[in-house]
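Biologist: Please put the model on screen. I have some questions about it.

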Amino acid sequence: MFERTSGVLMHITSLPSPHGIGSLGKAAYDFVDFLQAAGQRYWQVLPLGHTGFGDSPYQCFSAAAGNYLMIDLDMLEQDGLLTKEEIQQAEFNHSPDKVEYELLAASRPPLLRKAFARVDDEMQLEITAFRRRNRSWIEDYMLFMALKEEKFEGRALWDWTDEEVRSRVPAAMKAAREELKEEMDFRVFLQYLFFKQWDALHEYANAHGVQIIGDIPIYVSPDSADVWQHPTLFKVGSDFKPKKVAGVPPDYYSETGQLWGNPVYDWKIHEEENYKWWIWRIKSNLALFDVIRIDHFRGLESYWEVSAKAENAIKGRWCKGPGMKLFHALEAELGKLPIVAEDLGIITDKVRELLEESGFPGMKVLIFGFDVWNDNEHLPHNYKPNMIVYTSTHDSQSICEQIMDICNDAEKEFAYQYLRTSHQEAMGWSAIKTVWASPANITMTTMQDILSLGADARMNVPSTLGGNWAWRVRKEGINEKVAKMLCEITKTYKRYKPYQPPVKHSRKPVEKSTAAQQEKIKEQPETES
């Protein structure tokens with residue numbers, strides 16, 4: 001299914017922006033242009049959801065909703081929903097290197113409410129149509145968020161003080177919808193803006209030869225509209241508190257394992273319903289992305305289940321997952337699936353059998369391979385064609401940080417020999433060349449490795465809270481010289497596919513700083529998003 005190609009992993013929030021967080025505006029379109037110039041087929045992003053505690057894109061309030069912080073403010077100005085002065089007044093001195101989520105959570109909603117107040121009749125018709133198309137999830141999501149933030153002061157689902165609302169008693173639900181109608185309408189407006197901007201960006205990427213790989217967390221957040229709407233699908237109590245939670249036993253990242261806190265699925269109920277919730281979920285994501293990466297794929301063969309009362313993930317048990325039953329149900333409904341599998345961690349023969357039977361590409365990571373004593377499967381000479389392989393990932397150290405941190409002299413020297421360099425400034429490019437030369441069909445790198453960045457550019461440290469998911473790339477790092485170098489490597493190792501642009505393109509946002517730029521916008525043809 002997958003050709004010999006390559007791509008770059010970087011989340012939307014990591015893009016440069018004058019407004020404190022990467023968004024779906026001009027910088028995202030510029031990054032697509034960068035990828036096209038660099039000869040890359042794929043742009044991989046992390047989950048796009050509305051993040052909750054810890055700002056993790058793997059802990060969202062909904063499996064379907066988008067993160068309103070990614071809505072581009074400059075595009076709202078172009079649409080007449082905000083003024084430049086209003087945007088400037090709401091802003092603060094943002095760090096160009098880190099997302100300051102707490103400050104954004106305070107400053108962004110009041111600004112977006114001003115935009116909401118300017119919705120005209122024509123836009124309202126579009127919002128109504130959007131709401132109707134997404135009624136399977138958006139009605140419960142927007143009521144969940146309105147209740148959580150306006151009525152229950154941000155408390156988790158199981159701590160809601162109105163038991164009838166929490167338990168979804170019809171009369172209580174009807175009364176809540178009437179009471180919170182305006183707040184719910186505002187939430188719909190935010191989702192309309194997010195998906196309108198995302199769809200336009202996705203169309204632009206495809207028109208320029210770039211496909212989007214989207215990440216799906218295997219689990220949902222315990223404090224989510226999904227659990228509230230479908231409690232029988234998860235191992236939660238009548239009060240919605242998880243009884244059993246997911247994680248992994250002690251591993252590379254943590255001596256006490258990783259206790260994620262997500263409620264595990266009741267797979268018996270899913271099977272009885274012919275996996276209709278998963279079919280909905282995958283179908284929804286296929287509308288957003290060209291390729292889907294399933295995080296923690298091994299949990300679909302067997303998963304680590306821990307008591308919700310446990311302090312760590314050491315004491316748990318392996319439970320059987322749905323295996324190929326799930327994928328047979330998905331393919332029967334949706335056809336052949338463009339899926340890649342994150343099969344890292346404790347991998348057994350059963351997991352390998354599931355991966356082989358599914359036909360999905362498995363995953364390998366170069367920095368996990370620097371073991372001088374073993375012929376490690378993460379070393380590029382051991383890769384196979386049906387794989388997606390990375391120099392490093394959003395959950396790991398960068399190439400430079402990892403190699404600099406190797407304490408064992410033999411392993412460090414082995415890494416230097418394998419990459420053919422000991423110079424930090426050349427390490428990222430050497431790693432890219434090494435992975436690009438491998439037999440794997442899809443090779444991926446990160447902007448951190450392209451720029452040979454170190455510990456300051458770490459995106460996430462698993463099993464830790466605070467400071468994660470905040471890294472941002474400087475605008476000057478995404479430049480023609482870097483694109484040219486990456487393109488040359490891609491051509492050298494036969495991953496470059498010549499791109500023939502179609503006749504029609506999506507409109508690319510332009511900063512409205514000059515009259516000439518404004519005229520340029522007017523001259524561009526209108527397209528549907």
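Biologist: How many residues does helix 4 have, and what distance does helix 4 reach from its first C-alpha to its last?

Modeller: This is a predicted model, where local features need pLDDT of at least 70, side-chain atom pairs count only at pLDDT 80 or more, and totals for chains, interfaces and linings use all residues. Residues are numbered from 1 along each chain as its sequence is written, and side-chain values use heavy atoms, leaving out hydrogens and water. Helices are DSSP runs (H or I, at least four residues), numbered from the N terminus. The expected span, 1.5 Å times one less than the number of residues, is 22 Å here, and helix 4 comes close to it: 16 residues, reaching 22 Å.

Biologist: Where does helix 4 bend?

Modeller: The bend is the angle between axes fitted to the seven residues ending at a residue and the seven starting there. In helix 4 the angle is about 25 degrees. A proline, P109, follows within four residues of the bend, which is at R108.

Biologist: Is Y275 buried or exposed?

Modeller: Y275 sits in the loop between helix 11 (267-272) and helix 12 (276-288). Buried means under 20% relative accessible area, exposed over 50%, partly exposed in between (1.4 Å probe, protein chains only). Y275 has 4%, so it is buried.

Biologist: Is K494 buried or exposed?

Modeller: K494 lies in the loop between helix 19 (480-492) and helix 20 (515-523). Its phi is positive, about 60 degrees, although K494 is not a glycine. Its relative accessibility is 61%, so K494 counts as exposed.

Conventions. Helix = DSSP H or I, 4+ residues; strand = E, 2+ residues; numbered from the N terminus.
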